[in-house]
Amino acid sequence: MKKEVAPNVLFENLPSTSKDVCDHRGSNLDIEVPSTSKQSSMSDISLEDRPTSRSESRLSTTSSSSSLLEAENYLLKKQVEELQNQLKSLKLGFDFSAIENNDALINVYTGLPDKALFIAVFKYLDSQNFHYNLVATVSNIVITWLHVMHVCLYKKFLENQIPTRHKNKTCMPSSFSPFTNCKMVIDCTEIYTEVPSQLDKQKYTYSSYKHRNTLKGLVGVAPNGTITFLSNLYVGNTSDKNIVKHCGVLTSFLAGDLILADKGFLIQDLLPPGVLLNIPPFLMKAQFSPEEARQTVTIARARIHVERAIRRIKEYKILQLIPQNLRPYSSMIFQVCGFLTTLNYPLIKEVEDRYFCE
């Protein structure tokens, strides 16, 4: 009969003699285990039960792992949904739909007062037949739209469209009551530009008034505050008188017309026959006389509106600093921004009230 060492699990089924022999530590004896039916049956049961227990353990482990995976999958799905919602709310792209329901934001981003006017201007421009001759890069798109707006808006509706003094009288505010024949209030403004790389251009664009490199243009407004004239931009060291002489504004004046200007505009010798100029008096002594003081205040109250109009133009961020690559288009940028401000609500409260009443 084959000899085998009994497994520990079967010790309770061994004869007492065999159990006693196994209790002697240090002995190295081969024990012959008698094969009995009881032992065999117990061995069979034990051996059959063992794989069943392992299978149940595996099933239990698999079930637990499956539950953990399902829970983890659920949490990950929730995180994905939350991130997608956050991504939608971030609005990585910016277009008109982001501001179309807020007139205040439309005014901030476009300079136009409301959605209706923006849509009207856009549809008018979009109806013009134009296309990009080059690759549609951001730069080409901007420059193309700049040309379209300059031709279709400024040149068509503002250039050479200066109203007569008789038309100005129909909506003249009370501050102009001493100047009923005023046709235009003029002033110059300067716009910062990047320092040119050439030394001669640095010299010509340097403004002794601003102490920076600038471009300079003339703005003219009607008595009601509406912009009626925008010159090209000149280099910063150009005098006000030279700009008036060369920009072409004087060709629109007729005999009897009055121009209001700052005291720096010494242009009497340039005016057409019969055209009048009214500027504040110069201080020739210790202080102004009462009459000169009243005259200064009266002119200042009237000509302040051209400064307010210029401030509106400069609210366009593109005019904060003209880069070198846009300097060739600076006059068009200035004139387009100036035209867009004319589409806003009236500058003078008195005129605005009349506008809304009508």
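The axes of α5 and α10 come within 9 Å and cross at roughly 55 degrees, where axes are lines fitted to C-alpha atoms, for helices over the stretch in contact, and angles run from 0 to 180 degrees between N-to-C directions. That angle makes α5 oblique to α10, since angles under 35 degrees count as roughly parallel, over 145 as roughly antiparallel, 65 to 115 as roughly perpendicular and the rest as oblique. To this contact α5 contributes Leu 146, His 147, Met 149, His 150, Leu 153, Tyr 154 and Phe 157, and α10 contributes Met 332, Ile 333, Gln 335, Val 336, Phe 339 and Leu 340, a contact being heavy atoms within 4.5 Å.

The model is predicted, so that local features need pLDDT of at least 70 and side-chain atom pairs count only at pLDDT 80 or more, while totals for chains, interfaces and linings use all residues. Residues are numbered from 1 along each chain as its sequence is written, and side-chain values use heavy atoms, with hydrogens and water left out.

The chain holds 11 helices and seven strands; helices (H or I, at least four residues) and strands (E, at least two) are DSSP runs, numbered from the N terminus. Of its 358 residues, 35% count as buried, where buried means under 20% relative accessible area, exposed over 50% and partly exposed in between, with a 1.4 Å probe and protein chains only.

Helix α10 (residues 330-342) has 13 residues and reaches 19 Å from its first C-alpha to its last, close to the 18 Å expected at 1.5 Å a residue, the expected span being 1.5 Å times one less than the number of residues. Of these 13 residues, 12 are buried, and what covers them includes α5 (138-157), β1 (182-192), β3 (212-221), β4 (227-230) and α9 (290-313). Ser 330 lies in this helix α10 and is buried, with a relative accessible area of 6%; leaving aside residues up to four places away in sequence, Ser 330 touches Leu 215, Leu 233 and Ile 322.

Most residues other than glycine have a negative phi. Asn 160, although not a glycine, has a positive phi of about 60 degrees, and His 211, also a residue other than glycine, has a positive phi near 60 degrees. Their places and accessibilities are set out below.
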